[in-house]
Amino acid sequence: MAWSEHAFEQLTAAGHRRGGAREAVVELLGGQSCALSALEIEDALRGGRRVGRASVYRVLDELVALDLISRVDVGDGVARYEPQRSHHHHHLVCDGCGRLTPFQDDALEQAIRRLADRVAFAVSDHDVTLHGSCEHCSTG
């Protein structure tokens, strides 16, 4: 089942109606590969349905409360949001242009598990954020 369908089912079960801003935000997030800020969501929706900033924040709060999306903090003071999916990824952040790029690395995941075993710590969740320069900013 696609994340969007799952999100609509959970929203309906929680008593939220489908339509308007809620539908637009869920459909947009369902098609994203990485986190977006509320302003990026508002900008992306500007071309289609007109969704106000307050509505975007309200829907994001509903989705966070239902554990359908995660709030991602990459250290730049801007909250970003991404769907909770079965695959786990981390983030590369360009300090020049602010571009956020998802990445997965099996060796990193194994290293985190080994570290947790070595220090006898039960890791329930983790997020790795690497800062630097993207290809465009490092050559430009």
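At what angle do the axes of helix α1 and helix α2 cross? In this predicted model, the axes of α1 (residues 3-13) and α2 (residues 20-30) cross at roughly 145 degrees and come within 8 Å. The protein chain has 140 residues, and its secondary structure comprises 6 helices and 6 strands.

**The chain as a whole**

- Read from the N terminus, the elements follow the order α-α-β-α-α-β-β-β-β-α-β-α.
- Along the principal axes, the C-alpha atoms fill a box of roughly 45 × 45 × 25 Å.
- Of the 140 residues, 34% count as buried.

- On the α1 side, the residues in contact are W3, S4, A7, F8 and L11.
- They meet R22, E23, V26, E27, L29 and G30 of α2.
- By type, the residues of this contact divide into 6 nonpolar, 2 polar and 3 charged.

**The largest pocket**

- The largest pocket holds about 390 Å³ of space.
- Its lining is made up of 19 residues, of which S70, E82, Q84, H88 and H89 are the closest to the centre.
- Two elements, β2 (69-73) and β3 (79-83), each give two or more residues to the lining.
- The most is given by β2, with 4 residues.
- The lining contains 10 polar, 6 charged and 3 nonpolar residues.

- Most residues other than glycine have a negative phi.
- D67 is not a glycine, yet its phi is positive, at about 60 degrees.
- This residue, D67, is found in the loop between α4 (53-65) and β2.
- Is D67 buried or exposed? D67 has a relative accessible area of 52%, and because exposed means over 50%, D67 counts as exposed.
- A120 is a residue other than glycine with a positive phi, near 50 degrees.
- The loop between α5 (106-118) and β6 (129-132) contains A120.
- A120 has a relative accessibility of 72% and therefore counts as exposed.

Definitions and conventions
Residues are numbered from 1 along each chain as its sequence is written. This is a predicted model: local features need pLDDT of at least 70, side-chain atom pairs count only at pLDDT 80 or more; totals for chains, interfaces and linings use all residues. Side-chain values use heavy atoms; hydrogens and water are left out. On a 1 Å grid over the protein atoms alone, a cavity is a set of points where a 1.4 Å probe fits but cannot get out, and a pocket is an open set with protein on both sides within 12 Å along at least five of seven lines; lining residues have an atom within 4 Å of a point. Grid points are joined across faces, edges and corners, and a volume is the space filled by probe spheres set on the points. Ala, Val, Leu, Ile, Met, Phe, Trp, Tyr, Cys and Pro count as nonpolar, Asp, Glu, Lys and Arg as charged, and the others, Gly among them, as polar. Axes are lines fitted to C-alpha atoms, for helices over the stretch in contact, and angles run from 0 to 180 degrees between N-to-C directions. Contact means heavy atoms within 4.5 Å. Buried means under 20% relative accessible area, exposed over 50%, partly exposed in between (1.4 Å probe, protein chains only).
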